[in-house]
Amino acid sequence: MTKKFISLLLFIAPFISTAQEKGLDEKINDWFEPITAKWEGIVFWLVPGTGVPLVVFLLVFGAVFFTFYFKLINIRRFGLAINVVRGKYDEVEGHGAEKAELNIVDGDIVDTIRDESKEGEVTHFQALATAVSGTVGLGNIAGVALAISIGGPGATFWMVMAGLLSMSTKFVECTLGVKYRDVGPDGTVYGGPMYYLTKGMAERGYKNLGKVLAVLFAILCVGASFGGGNAVQSNQAAEQLASLMGMQGGHSGTIIGVGIAIVVGFVIIGGIKRIASVTEKVVPFMAVIYILACLVVMFAHASYIDDAIALIFREAFSPSAGLGGFFGVLITGFRRAVFSNEAGAGSAAIAHSAVKTKYPASEGIVSLLEPFIDTVVICTMTALVIIFYNSDGMFVYGGDGSGNVIINGVAVGGVNLTSMAFEAVIPWFPYVLTLAVVLFAISTMISWSYYGLQSWKFLFGRSKLADITYKLLFIAFIIIGAAASMKAVFDFSDAMILALVFPNMIGLLFLFPIVRSELIRYLKAIKVKLTVIK
């Protein structure tokens with residue numbers, strides 16, 4: 001017996017030694033980081049002689065083109081969007097509205113613009129509140145901190161510009177999402193770029209190109225759901241939980257990731273609607289709490305607001321040394337804006353496709369408000385909170401280049417930096433922020449599991465096997481995200497989400513005339529002047 005025990009110890013000794021040298025978190029990161037680096041290099045291919053990634057050129061060109069083609073629809077139709085949300089034109093839509101019941105997959109929460117319950121529709125205001133609560137999350141909390149850490153205050157300016165321009169892009173893609181959706185025999189809606197690229201491009205005479213773009217988008221969307229919709233969420237939730245509870249060691253991220261995976265798994269595999277419905281109700285409340293906390297910090301630094309805004313403008317065009325220059329700050333701002341509001345990536349159109357309406361453009365009009373609220377307003381609030389915190393030179397912008405800044409000799413980044421900025425004014429807020437981060441993370445994971453599942457089913461069919469296979473892979477990435485480093489996870493997620501821009505934006509540049517026709521039809525129905533596009 002003793003010999004067997006000694007033999008067993010000798011057998012497991014190398015594993016014990018290895019575990020002491022490297023924890024599970026570091027081992028997972030060592031595997032994940034090289035994959036991230038290769039994929040990032042492909043997606044962020046630099047246009048020769050410019051130092052600017054091709055994907056940024058495509059994103060900016062598309063957003064600017066749509067903004068001017070639709071005669072500044074993001075500004076001139078802002079009032080109309082508010083009136084639609086207020087329910088001013090509900091009667092017009094209701095009289096001719098399709099009566100087919102449009103339901104989402106059981107157990108999944110999607111930030112749809114309207115309630116698709118069998119009882120009927122909710123008001124536009126209620127629907128927009130639900131949609132915004134789905135987009136307000138870690139992109140606004142951790143993503144903004146990452147942008148400020150790397151690009152300095154100037155990145156805020158370019159986030160705002162990206163948010164304003166992307167309002168037009170979101171209008172186009174969400175209109176097309178409703179226009180070309182599929183409705184299954186059971187009333188389940190299947191929509192998004194996969195469908196408008198296939199059907200819309202075929203209508204325009206580019207059937208084969210449309211199929212290629214649709215398949216490419218679906219593949220990339222599955223990857224994006226594993227990255228930005230999953231790994232980033234678990235990574236930052238794990239960071240905040242570990243920080244609050246004082247967890248250290250090489251396995252803390254993995255352990256927390258397993259816990260989050262179990263919770264999310266119950267929802268997306270078991271379809272436990274009770275947990276899902278609680279999350280859906282609590283997340284909007286947490287979003288309001290977060291915004292109120294931002295306002296408290298802003299009022300506490302009211303005398304510094306003008307200086308902070310001046311700093312943002314100055315650094316946008318003349319960034320401090322070591323921050324990568326003008327294009328470096330611009331790219332950082334656009335990357336974080338797209339991650340936050342998803343405009344141009346096309347993912348939001350998957351959710352918006354489930355709306356009940358006779359007029360696809362009505363959904364596009366409402367959707368253009370989301371980048372404004374999410375990026376222009378809330379991301380700017382977060383940025384100001386962090387800039388206020390650093391008003392006395394607490395840290396040097398640019399940090400260690402990996403998204404962390406050095407505060408009192410310790411590397412701090414992402415959600416932890418935002419938490420410290422709040423704590424300086426509201427000492428107890430990190431506890432609330434931790435709860436908000438976890439709820440935002442879980443809510444976003446559930447929503448993105450729907451996006452990814454729709455793309456997976458487009459590729460592999462709508463079978464139960466396809467369903468369960470995707471969900472198991474999705475759960476695995478929760479653990480990977482929680483264990484890997486912040487830089488590796490954000491780099492991978494940025495690359496996956498921005499890769500969606502290629503097939504989606506190419507399709508939008510072919511299909512925008514259809515959106516014009518739909519906009520005219522809707523404006524005629526509600527008897528609004530058509531000068532916006534004539």
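**Exercise 1. At what angle do the axes of helix α8 (residues 138-151) and helix α19 (residues 415-423) cross, and within what distance do they come?**

Solution. The model is predicted; local features need pLDDT of at least 70, side-chain atom pairs count only at pLDDT 80 or more, and totals for chains, interfaces and linings use all residues. Residues are numbered from 1 along each chain as its sequence is written, and side-chain values use heavy atoms, with hydrogens and water left out.

Step 1. Helices (H or I, at least four residues) and strands (E, at least two) are DSSP runs, numbered from the N terminus. Axes are lines fitted to C-alpha atoms, for helices over the stretch in contact, and angles run from 0 to 180 degrees between N-to-C directions.

Step 2. The two axes come within 7 Å and cross at roughly 95°.

Step 3. Angles of 65 to 115 degrees count as roughly perpendicular (under 35 is roughly parallel, over 145 roughly antiparallel, the rest oblique). Helices α8 and α19 are therefore roughly perpendicular to each other.

Step 4. In α8, Ile 141, Ala 142, Ala 145 and Ser 149 meet Val 415, Leu 417 and Thr 418 of α19; contact means heavy atoms within 4.5 Å. The residues of this contact divide into 5 nonpolar, 2 polar and no charged. Here Ala, Val, Leu, Ile, Met, Phe, Trp, Tyr, Cys and Pro count as nonpolar, Asp, Glu, Lys and Arg as charged, and the others, Gly among them, as polar.

**Exercise 2. Determine whether Thr 67 is buried or exposed, and list what Thr 67 touches.**

Solution. Step 1. Thr 67 lies in helix α3 (residues 54-69).

Step 2. Buried means under 20% relative accessible area, exposed over 50%, and partly exposed in between (1.4 Å probe, protein chains only). Thr 67 has 3% relative accessibility and therefore counts as buried.

Step 3. Residues up to four places away in sequence are not counted; Thr 67 then touches Leu 72, Ile 73, Asn 74, Leu 165 and Ser 168.

**Exercise 3. Classify the ring pair of Phe 61 and Phe 65, then the pair of Phe 226 and Tyr 470.**

Solution. Step 1. Rings of Phe, Tyr and Trp (its six-membered ring) pair if their centres lie within 6.5 Å; planes under 30 degrees apart count as stacked, over 60 as edge-to-face and the rest as tilted. The whole structure holds 28 aromatic pairs.

Step 2. For Phe 61 and Phe 65, the ring centres are 6.1 Å apart and the planes stand at 20°, so the pair is stacked. These residues are 4 residues apart in helix α3, and are therefore separated by about one helical turn. Phe 61 is partly exposed at 48% relative accessible area, and Phe 65 is partly exposed at 27%.

Step 3. For Phe 226 and Tyr 470, the centres are 5.6 Å apart and the planes stand at 15°, so this pair is also stacked. Phe 226 belongs to helix α11 (residues 207-245) and Tyr 470 to helix α21 (residues 464-483), so the pair ties together parts that are 244 residues apart in sequence. Both Phe 226 and Tyr 470 are buried.

Step 4. Ring pairs also link Phe 61, Phe 65, Phe 66, Tyr 69, Phe 70, Phe 171 and Phe 512 into a cluster.

**Exercise 4. State how many helices and strands the chain has, and what share of its residues is buried.**

Solution. Step 1. The chain has 23 helices and 4 strands.

Step 2. Of the 534 residues in the chain, 58% are buried.
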